[in-house]
Amino acid sequence: MNFRHLSFDNAPSITTPPPGPRSKEYLAFQASHEASAVSYPKGLPLALQRGRGATVEDVDGNVYIDFFGGAGVMAVGHANPEVIAAAELQLRELTHALDFPTPARRRLVEALLSVLPSALTRVFFGGPTGSDAVESAVKLARLNTGRVPLIAFEGSYHGMTSGALSLTSGRPYKGRFLPLIPEVHFVPYAYCYRCAFGKTPNTCDTHCAKYLEHVLEDPHSGVCPPAAVVVEPVQGEGGSIIPPPEFLPKVREICDRHEVLMIADEIQAGFCRTGRMFAIEHTGTIPDILTMSKALGGVGLPISAIAYREALNTWPAGVHIGTFRGNVVAYAAGAAALGFMLRHDLAGHAMCLGEQILAMLQEVERDSQFVGEVRGKGLMLGVEFVKDKATKEPAPQLASRVRTLCYGRGLLIEIGGHYSNVARFLPPLVLTDDLARKGVEIFADAVRDLEA
Ligand SMILES: Cc1ncc(COP(=O)(O)O)c(C=O)c1O
């Protein structure tokens, strides 16, 4: 399938150096009247007017290639016509129904059950954000095990509500809001470029997974038997970190041996992003609970859900409620988006195009003294900037400079990573070969400018 018709055909097109006068006016209004907590426009100072496919237009008429993709939300592309048609129909039918059954809700549950691992037989819609899904997953794990402690991984990002923030590792997010929920412990993720144990992947025998086992086994590890281990199959905000294939199956095995539930957070990596419907499928790992959001709302309508094993379906009615648990328009959009993903093999497209982009980025890595590592799975890619390839000293200023150079030339990217030194690509999965090549060329030019 060629997705060319979905995007603006003139991308990139910078006619007024950004931020243009109209963007500046919107940004000034926002800075004067909204919270100082607003963050994305600080890195990418622009006001957005329209989005199509894998491109967006700002209020000054500049058109960008979108490698940011709404932080991974826009899998089927901005203004996907099939999804919009389904959402429009639903808007005229019924828009709010709490958790009463509706035809759209049923269509989405059926669609989800047809793509989820068959062992996950139940779907639950909580509040609209990814963080809400994480909260539901934690409650369900605690309810079923009667245990309180949780184990998460260094480099994790699970959201901003208290429970989800407790599981998020970043000090900048949580440092000023302590205490959060108690008894959350962190162990190293399989971040092989910066292995916490100083090991290398070919000789380590997945030492990080063994360390998890040690924490669970040693009665003096300081960790009481946990309700769950919460893991991102590919870490997103942590810096697009792809664990070696043995990692997740080992975590699963260890959880089984210790009767601990495994929660896979697929909020960012799910829905074809990594080249499979869910990232866990790369290793055939089946969690007990799986969280979903972001791409689930089709064109960015807020919705989240968890799926879980039948045996965990023990909640008493009403124990976890809310006004916006699910949304009828988002169900319709989500079902249409899933249909689009399957009909157009978006997973296969993401896998194939991701490999091409990775190969182009590997050339950038070879030629640059500042690119420590490039990595990616499907269309979830990262470029880690360092001051020196030998010492691996993180270079957040270089990552930020590259983002600014790219934006001035018509490419939007995100930054993440433990040290905010990883350029992250999460483009809409309807990105075309042509836009991918143009985007990577802009990025490569920006990196070359750093060298100069
Ligand atoms: C893996 C993961 N989990 C949870 C969340 C939280 O989702 P939300 O921002 O919708 O609350 C995110 C957001 O980026 C995420 O990437």
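Let's start with an open sheet of 4 strands, lined up in the order β11-β12-β15-β14 with antiparallel pairing. Strands here are DSSP runs of E with at least two residues, helices are runs of H or I with at least four, and both are numbered from the N terminus; two strands pair if DSSP finds at least two bridges between them. At the edges stand β11 (371-377) and β14 (414-416), and each has a single partner strand, so one side of each lacks a neighbour in the sheet. On average, neighbouring strands in this sheet are turned by 25 degrees against each other, ignoring direction. Such angles are taken between N-to-C directions of lines fitted to C-alpha atoms, for helices over the stretch in contact, and run from 0 to 180 degrees.

Before going on, a quick word on what you're looking at. This is a predicted model, where local features need pLDDT of at least 70 and side-chain atom pairs count only at pLDDT 80 or more, while totals for chains, interfaces and linings use all residues. Residues are numbered from 1 along each chain as its sequence is written, and side-chain values use heavy atoms, with hydrogens and water left out.

Back to the sheet. β14 and β15 (residues 422-425) pair in the antiparallel sense over 3 bridges, and Gly416 has Val422 of β15 as its bridge partner. Across β11, β12 (380-385) and β15 lies helix α12 (residues 346-367), which runs at about 175 degrees to β11.

Now look towards the start of the chain numbering. Strand β1 (residues 48-52) is joined to β2 by 4 bridges, and the two run antiparallel; Gly51 stands opposite Val56 in β2. This hairpin has 2 residues between the strands, and Gly53 takes a positive phi near 55 degrees. β2 also pairs in the antiparallel sense with β3 (residues 63-66), over 3 bridges, with Val63 in β3 as the bridge partner of Glu57. The hairpin of β2 and β3 has 4 residues between its strands, and in the turn Gly61 has a positive phi of about 90 degrees. Are the faces of β2 (residues 55-58) buried or exposed? Both are covered: Thr55 and Glu57 are buried on one side, Val56 and Asp58 on the other. Buried means under 20% relative accessible area, exposed over 50%, and partly exposed in between (1.4 Å probe, protein chains only).

Strand β5 (residues 150-153) is covered on both faces too, with Leu150 and Ala152 buried on one side and Ile151 and Phe153 on the other. β5 runs parallel to β7 (residues 228-231), joined by 2 bridges, and parallel to β6, joined by 4 bridges. In β6 sits His185, which is buried at a relative accessible area of 19%. The His185 side chain makes a polar contact (N or O atoms within 3.5 Å; within protein, one must be able to donate a hydrogen and the other to accept it, and residues adjacent in sequence count only if both atoms are side-chain atoms) with the side chain of Glu183, at 3.0 Å.

Finally, find the ligand. Residues surrounding the ligand include Thr129, His158, Glu232 and Asp265, each with a heavy atom within 4 Å of it. A polar side-chain atom of Ser131 lies 2.6 Å from a ligand oxygen atom, and one of Lys294 lies 2.9 Å from an oxygen atom of the ligand.

Note on methods:
Contact means heavy atoms within 4.5 Å.
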